[in-house]
Each structure stands twice: as structure tokens, then as C-alpha cells.
Amino acid sequence: MLEYRIDRRSGIATYLQIVQQTKQALRLGLLEPGDKLPAAREVVEATAINPNTVLKAYRELEREGLVEAKRGMGTFIRKSLGGAPAGSPLHDELADWARRARDAGLERDDVAALFTSVLEQHFEGDGEA
């Protein structure tokens, strides 16, 4: 089951962090159509955020057509964003690169900035680079 991690220092709205983490899980194949998202109350208990924040995130995912709320049953994944499963060779190569970057003394924010720069360079104009 998906466990959300909320970074209160990120500057990103909490509900958007939930949306982004759900989309990331979809892209990595960790969530698939038919899977159930954690109940809002479970997310609230695990993250100590307002229930309305969770519901806002789930409504946004529903608006985007990624999930479907079934009354009395929960919120379920409708479609995948698949592309790069977590077990792919690319994942392993990227994990190795991240280890080398850390070993070279780069901080997390340095690595994120470098990776974002490369993404923008290679996926210019793709929208969600």
C-alpha cells in the first residue's frame, strides 16, 4: 500500500505532494488500475494532516481521471501512467548514479538541481519535464 511522505519544508502544498506521489507511484507501476488508495483517515493518522487536504488531493486525482471514488468502498485507481517500472534497468542505473553523486559529496538539493537541469535539457517542450 502507498504511504505518503509529507515534507512540510518543501514549499509545495500538502495536497499537491499527495497528488505528485500518487502519480509517481502510477508511473513506476507501484499502483495499477483497480488498486485502492489508502482511506483518508489512514493518511491523516500516518501524516497528521487535515482530512480535507487528503480529500482535496483525491478530488484532484479524480478530476484528472486517474482515480474513481466509490461511495462506501474507497478511492480506486482508474488508469496507469506507466512507463518506467521500479525494477527496470534504468532505475538501477539511476540509483547507481545517485549513490555516486552522494559519494562525491553532493547534497540532495544539489542532485535534484542537477537532475532537473538535465531533464529540462533533454525533454524541452514535453510539458512535465
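A salt bridge is taken here as a side-chain nitrogen of Lys or Arg lying within 4 Å of a carboxyl oxygen of Asp or Glu. The structure is a predicted model, in which local features need pLDDT of at least 70 and side-chain atom pairs count only at pLDDT 80 or more, while totals for chains, interfaces and linings use all residues. Residues are numbered from 1 along each chain as its sequence is written, and side-chain values use heavy atoms, with hydrogens and water left out.

Under this criterion the structure holds 3 salt bridges. In one of them, the side chains of R63 and E60 meet with an N to O distance of 2.7 Å; because R63 and E60 are 3 residues apart in helix 3, about one helical turn separates them. Helices (H or I, at least four residues) and strands (E, at least two) are DSSP runs, numbered from the N terminus. R63 is exposed, with a relative accessible area of 63%, where exposed denotes over 50% relative accessible area, buried under 20%, and partly exposed the range in between (1.4 Å probe, protein chains only).

A salt bridge is also formed by the side chains of R100 and D96, at 2.9 Å from N to O, and since these residues lie 4 residues apart in helix 4 (residues 89–103), they are likewise separated by about one helical turn. R100 counts as partly exposed at 47% relative accessibility, and D96 is partly exposed at 34%.

K23 forms a salt bridge with E64, the closest N and O atoms being 2.7 Å apart. This pair links distant parts of the chain, 41 residues apart, with K23 in helix 1 (residues 14–27) and E64 in the loop between helix 3 (51–63) and strand 1 (67–70). K23 is buried, with a relative accessible area of 15%, whereas E64, at 29% relative accessibility, counts as partly exposed.

Strand 1 runs antiparallel to strand 2 (residues 74–77), to which 4 bridges join it; two strands are regarded as paired if DSSP finds at least two bridges between them. Within this pairing, A69 stands opposite T75 of strand 2. The two strands form a hairpin with 3 residues between them, and G72 in the turn has a positive phi of about 80°.

L114 is found in helix 5 (residues 108–122) and counts as partly exposed, at 39% relative accessibility.
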